[in-house]
Amino acid sequence: MTGFLFELSFLLAAPVWLLMIFAPAWGPTARIAGSPLTVLPVLFVYVALAVPVFPELWTAVSSPDLGSFRELTALPDGAGAVWAQVIAWDLLIGQWMYRESRRLEISALLMGPLLLLTILLSPFGLLVFLGIRAVRARRAGARPSPGVPVRSQARR
């Protein structure tokens, strides 16, 4: 069961990633990527994996040290729970990057590979995106207002 839940956690997130990468301009993609509820199915998987190892999980997070974290991840459900948590948070980061890229009018041809990098190695993807975002905002002038496309602000 643990192996199935481990795999399921990514399969539940994959449709949102696919929409953001391959259909970024499609109307429903923006609505879906704008909702934090997309991570709920993955969080349910997390709970299913975390409950059986809750004592070990609590030890690892309440008094964090490498040994207790290693003990947690040595357990199949512990490793699966950590994986599901990573999948959920990566998806939220990816959704934010997608929304910011649309707001700043960053090319979908650039964002597709960057979102793929974020799926695989989210800290690297986020760092690259933050750099691109800073450059894009600087080129557009003053710091952009949330929710207003950069070009709209430049015309003010």
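Helices are DSSP runs of H or I with at least four residues, numbered from the N terminus. The structure is a predicted model, in which local features need pLDDT of at least 70, side-chain atom pairs count only at pLDDT 80 or more, and totals for chains, interfaces and linings use all residues. Residues are numbered from 1 along each chain as its sequence is written, and side-chain values use heavy atoms, with hydrogens and water left out.

**View 1. Tryptophan 17 in helix 1.** Tryptophan 17 belongs to helix 1, residues 2–22. Its relative accessible area of 3% makes tryptophan 17 buried (under 20%, with exposed over 50% and partly exposed in between; 1.4 Å probe, protein chains only). Beyond residues up to four places away in sequence, tryptophan 17 touches Asp90, Leu91, Gly94, Leu115, Thr118 and Ile119 (contact: heavy atoms within 4.5 Å).

**View 2. The kink and cover of helix 1.** Helix 1 has a kink of about 35 degrees at alanine 14, shortly before proline 15; this bend is the angle between axes fitted to the seven residues ending there and the seven starting there. Among the buried residues of helix 1 are Leu5, Ala14 and Trp17. Their cover includes helix 2 (27–33), helix 3 (40–50), helix 6 (76–103) and helix 7.

**View 3. Leucine 116 in helix 7.** Leucine 116 lies in helix 7, which covers residues 108–120. A relative accessibility of 44% is why leucine 116 counts as partly exposed.

Methods: Helices (H or I, at least four residues) and strands (E, at least two) are DSSP runs, numbered from the N terminus.
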